[in-house]
Amino acid sequence: MAVLLHDVPFFDANTTATLVDGSSIVVARRQIIVWVSLSPLGFDECPARAHSFPAVLDTGFNHGLLLQQMHFQTWTGHDLTPSDFRAVGRLSVYGAHATLHEADLWLHPNVRGRRDDLARRPPFRLSLELGAAVSPLADKPRLPLLGMLAIRRNGLKLLIDGANERITLRT
Amino acid sequence: MARGTRTNNAPPKKRRIANAADSRAVSGANRAANRPTKELAPIIRLAAETFRHELPELLRLRTPRRQWVAYEGSRRLGFGASKHELFTKCVQRGANRGNLYLRYLAPEEPLEAEVLFDA
């Protein structure tokens with residue numbers, strides 16, 4: 001058993017998180033933020049040019065990963081090209097079709113008790129059953145969503161400690 | 001530690017098991033073909049159809065070492081315990097990485113996602 005996320009805090013007030021490019025995003029109160037990267041399939045380790053970006057760990061989202069095309073193009077460090085991220089399916093979401101792009105997801109361990117400070121450990125690969133879904137809408141989801149299918153298919157254990165405003169995620 | 005950045009001590013290995021064009025080094029001739037597309041390649045459609053057709057049989061074959069299955073068009077290439085292991089094995093055996101279609105062996109569910117609240 002490995003602890004992937006250790007006492008990641010969430011907050012009763014809106015907060016901000018700073019992206020790799022220095023810009024910041026608003027995290028709504030009580031949203032659980034995790035830091036992830038995307039890569040094409042086939043890497044033994046998370047490639048250096050894969051930027052880390054925040055995703056909301058959303059137990060109300062019943063698929064794997066959903067993000068805007070803008071998130072993909074500007075946050076991940078990759079271009080959404082067919083040679084690296086081929087389309088492998090479609091997903092109905094928000095009443096329209098999202099395209100599923102084959103990809104690996106990498107979850108960055110945190111420094112215990114710190115939400116946005118990443119530990120000096122390699123990120124952990126999460127297999128996405130059908131890849132990453134690129135939203136059909138330009139403005140939704142506001143932040144990338146990491147959903148229950150990713151938890152389910154990778155056999156992870158999620159503990160939400162409401163009393164102490166912390167979450168822990170284990171293999 | 002760092003904010004939102006990758007902070008491993010050792011520089012990450014960039015080993016990649018396939019020879020696909022790097023997305024930042026696409027030749028001019030390939031550039032147009034490498035634009036983002038929502039279209040599914042015919043070989044991916046064929047693989048998906050074949051997977052759906054064979055899924056009842058595949059579920060009976062499922063074991064801890066056979067949790068993922070790979071297709072190239074209508075051809076079933078093999079099984080693996082993990083998606084990465086299976087992808088690597090198929091590419092090392094000469095499969096075209098752009099044609100590979102990998103699926104987890106589970107009863108197929110509707111391709112619908114629900115987002116309950118999106119603040």
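Predicted model: local features only at pLDDT ≥ 70, side-chain atom pairs only at ≥ 80, totals over all residues.
The expected span of a helix is 1.5 Å times one less than its number of residues.

Helix α2(B) covers residues 42-61, 20 residues in total. From first C-alpha to last it reaches 27 Å, close to the expected 28 Å.

Which residues of α2(B) are buried? Ile44(B), Ala47(B) and Phe51(B) are. An α-helix has 3.6 residues a turn, so residues three or four places apart point the same way. The buried residues of α2(B) pack against strands from two chains: β7 (87-93) of chain A, and β2 and β4 of chain B.

Now to the sheet in chain B. Its 3 strands are arranged as β3-β2-β4, forming an open sheet with antiparallel pairing. Because β3(B) and β4(B) stand at the edges with a single partner strand each, one side of each is left without a neighbour in the sheet. On average, neighbouring strands are turned by 25° against each other, direction ignored.

| Element | Residues |
|---|---|
| α2(B) | 42-61 |
| β2(B) | 68-72 |
| β3(B) | 75-80 |
| α3(B) | 83-92 |
| β4(B) | 100-104 |

Strands β2(B) and β4(B) run antiparallel and are joined by 5 bridges; Val69(B) has Arg103(B) in β4(B) as its bridge partner. Helix α3(B) packs on this sheet, touching β2, β3 and β4 of chain B, and its direction makes about 135° with that of β3(B).

Note on methods. Residues numbered from 1 in each chain as written. Chains lettered and ligands numbered in written order. Pairing = 2+ DSSP bridges. Helix = DSSP H or I, 4+ residues; strand = E, 2+ residues; numbered from the N terminus. Axes fitted to C-alpha atoms, helices over the stretch in contact; angles between N-to-C directions. Contact = placed C-beta atoms within 7 Å. Buried ≥ 20, exposed ≤ 12 C-beta atoms within 10 Å, placed from the backbone.
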